Amino acid sequence: QVQVEESGGGLVRAGGSLRLTCAVSGIIYNIYNMGWYRQAPGNQRELVAEITSGRTTNYADSVKGRFTIARDNAENTVDLQMNNLKPEDTAVYYCKLDLRIYSGAQRRDYWGQGTQVTVSS
């Protein structure tokens, strides 16, 4: 059973920093794309940042220059370093992993339960 878990959320003042970590447990054959998404109340879930197995990154325009995504393939983790946080970054942040649990299995997305990030003005 694959489980995805986020950690590192919390309350921070505008201009502050937080580091989110996503870890996966269970039997895994390979992890392809790893990404962070967020959903604010009343809004749709949106992509924040993603990183491929080749470490190509993609960021939402709203976080470029402030957030950095990084993966550790040995530990099967993906981090999101968030600097210069703004009140509009307030949301529940979710980790999504595109993976295969064994060599013949279909690739599919696994989501974590989310971690709350609140930025006060």
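Tutor: The following account goes from the disulfide to the core and then to a neighbouring strand. This is a predicted model, in which local features need pLDDT of at least 70 and side-chain atom pairs count only at pLDDT 80 or more, while totals for chains, interfaces and linings use all residues. Residues are numbered from 1 along each chain as its sequence is written, and side-chain values use heavy atoms, with hydrogens and water left out.

A disulfide is a covalent bond between the sulfur atoms of two cysteines. Here it is assigned to a pair of cysteine sulfur atoms within 2.5 Å, and the count by this rule is 1 disulfide. The bond joins C22 to C95, with 2.1 Å from S to S. The link between C22 and C95 is left-handed, at -80 degrees about the S-S bond. It connects distant parts of the chain, 73 residues apart: C22 belongs to strand β3 (residues 18-25) and C95 to strand β9 (residues 91-100). Strands (E, at least two residues) are DSSP runs, numbered from the N terminus. C22 has a relative accessible area of 1% and is therefore buried, a word that means under 20% relative accessible area (1.4 Å probe, protein chains only). C95 is buried as well, because its relative accessibility is 0%.

Next comes the core. A nonpolar core is a set of buried Ala, Val, Leu, Ile, Met, Phe, Trp, Tyr and Cys residues joined through side-chain atoms within 4.5 Å. The largest such core has 31 residues, of which W36, V78, L80, M82, Y93 and L97 touch the most other members. Strand β9 provides the largest share, 5 residues. Contact means heavy atoms within 4.5 Å. Neighbours within four places in sequence aside, the contacts of L97 include C22, V24, M34 and V78.

Strand β8 also reaches C22. T77 lies in this strand and is buried, because its relative accessible area is 17%. Apart from residues up to four places away in sequence, T77 touches C22, A23, M34, A70, R71 and D72. D79 is found in strand β8 too, and with a relative accessible area of 16% it is likewise buried. Among the contacts of D79, leaving aside neighbours within four places in sequence, are C22, R19 and W36. The side chains of D79 and R19 are joined by a polar contact of 3.2 Å. A polar contact is a pair of N or O atoms within 3.5 Å; within protein, one must be able to donate a hydrogen and the other to accept it, and residues adjacent in sequence count only if both atoms are side-chain atoms.

Methods:
Helix = DSSP H or I, 4+ residues; strand = E, 2+ residues; numbered from the N terminus. Buried < 20%, exposed > 50% of the residue type's maximum accessible area, 1.4 Å probe, protein only.
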